[in-house]
Amino acid sequence: MNIEIDLTTVFCALILLGLALVIRYVIPLMKDERLRKWARIGVNAAEMICKGEKMGAQKFEYVCEFLKSKGFNLNVEELKAVIENAVFELKNALAG
């Protein structure tokens with residue numbers, strides 16, 4: 001007696017599961033890393049463009065507009081968190 005099993009549906013299910021995992025976890029990680037990269041670039045640019053004392057508001061506004069021009073539509077609290085993280089990384093890089 002010869003039994004043949006069709007594994008096509010199993011392989012299709014595994015491929016769909018893999019795609020679902022990529023969509024759920026990998027793509028958001030890539031977007032987060034892309035946002036952090038552009039935030040660092042914006043903060044560095046703001047530091048070079050807006051020189052002088054008490055320029056924090058202008059620097060923040062510059063980075064917000066810069067990130068929006070790159071396609072990131074975040075609310076103010078999210079923007080503050082991302083920008084503050086980029087500033088923290090810049091200060092640590094300059095200190096070390």
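This note goes through the helix packing, the nonpolar core and a few individual residues of a predicted model.

1. Core. The largest nonpolar core holds 15 residues, and Val 43, Val 63, Leu 67 and Ile 83 touch the most other members. As background, nonpolar side chains in soluble globular proteins tend to be buried together.

2. Val 63. Leaving aside residues up to four places away in sequence, Val 63 touches Ala 39, Gly 42, Val 43, Ala 46 and Ile 83. Two of these partners, Val 43 and Ile 83, are listed with Val 63 among the core residues that touch the most other members.

3. H1 against H2. The axes of these two helices come within 9 Å and cross at roughly 140 degrees. That angle makes H1 oblique to H2, because oblique covers angles that are not roughly parallel, roughly perpendicular or, at over 145 degrees, roughly antiparallel. The crossing of H1 and H2 is right-handed. By class, the residues of the contact of H1 with H2 are twelve nonpolar, one polar and two charged.

4. Lys 59. With residues up to four places away in sequence left out, Lys 59 touches Ala 46, Glu 47 and Cys 50.

5. Lys 54. The loop between H1 and H2 contains Lys 54. Its phi is near 55 degrees, a positive value in a residue other than glycine. Most residues other than glycine have a negative phi. Lys 54 has a relative accessible area of 77% and is exposed.

6. H2 against H3. The axes of H2 and H3 come within 11 Å and cross at roughly 105 degrees, and the two helices are therefore roughly perpendicular to each other. The contact of H2 with H3 divides into seven nonpolar residues, no polar ones and two charged ones.

7. H1 against H3. These helices pack at an angle of about 65 degrees, with their axes 9 Å apart. That makes H1 roughly perpendicular to H3; the range for this class is 65 to 115 degrees. The crossing of H1 and H3 is right-handed. In H1 the residues involved are Leu 35, Arg 36, Ala 39, Arg 40, Val 43, Asn 44 and Glu 47, and they meet Val 82, Ile 83, Asn 85, Ala 86, Val 87, Glu 89 and Leu 90 in H3. By class, the contact of H1 with H3 has eight nonpolar, two polar and four charged residues.

8. Ala 86. This residue lies in helix H3 and is buried, with a relative accessible area of 5%. Which residues does Ala 86 touch, not counting those up to four places away in sequence? They are Ala 39, Arg 40 and Val 43. Ala 86 and Trp 38 are 48 residues apart along the chain, and their C-alpha atoms are separated by 9.3 Å.

9. Leu 16 is found in helix H1 and is exposed, at 57% relative accessible area. Between Leu 16 and Ala 93 there are 77 residues in sequence and 42 Å in space, C-alpha to C-alpha. Leu 29, also in helix H1, is exposed with a relative accessible area of 56%. Leu 29 and Val 76 are 47 residues apart in sequence, and their C-alpha to C-alpha distance is 21 Å.

Methods:
Residues numbered from 1 in each chain as written. Predicted model: local features only at pLDDT ≥ 70, side-chain atom pairs only at ≥ 80, totals over all residues. Heavy atoms only, no water. Core = buried A, V, L, I, M, F, W, Y, C linked by side-chain atoms within 4.5 Å. Buried < 20%, exposed > 50% of the residue type's maximum accessible area, 1.4 Å probe, protein only. Contact = heavy atoms within 4.5 Å. Helix = DSSP H or I, 4+ residues; strand = E, 2+ residues; numbered from the N terminus. Axes fitted to C-alpha atoms, helices over the stretch in contact; angles between N-to-C directions. Parallel < 35°, antiparallel > 145°, perpendicular 65-115°, else oblique. Left-handed = near helix turned anticlockwise from the far one by under 90°. Nonpolar A, V, L, I, M, F, W, Y, C, P; charged D, E, K, R; others polar.
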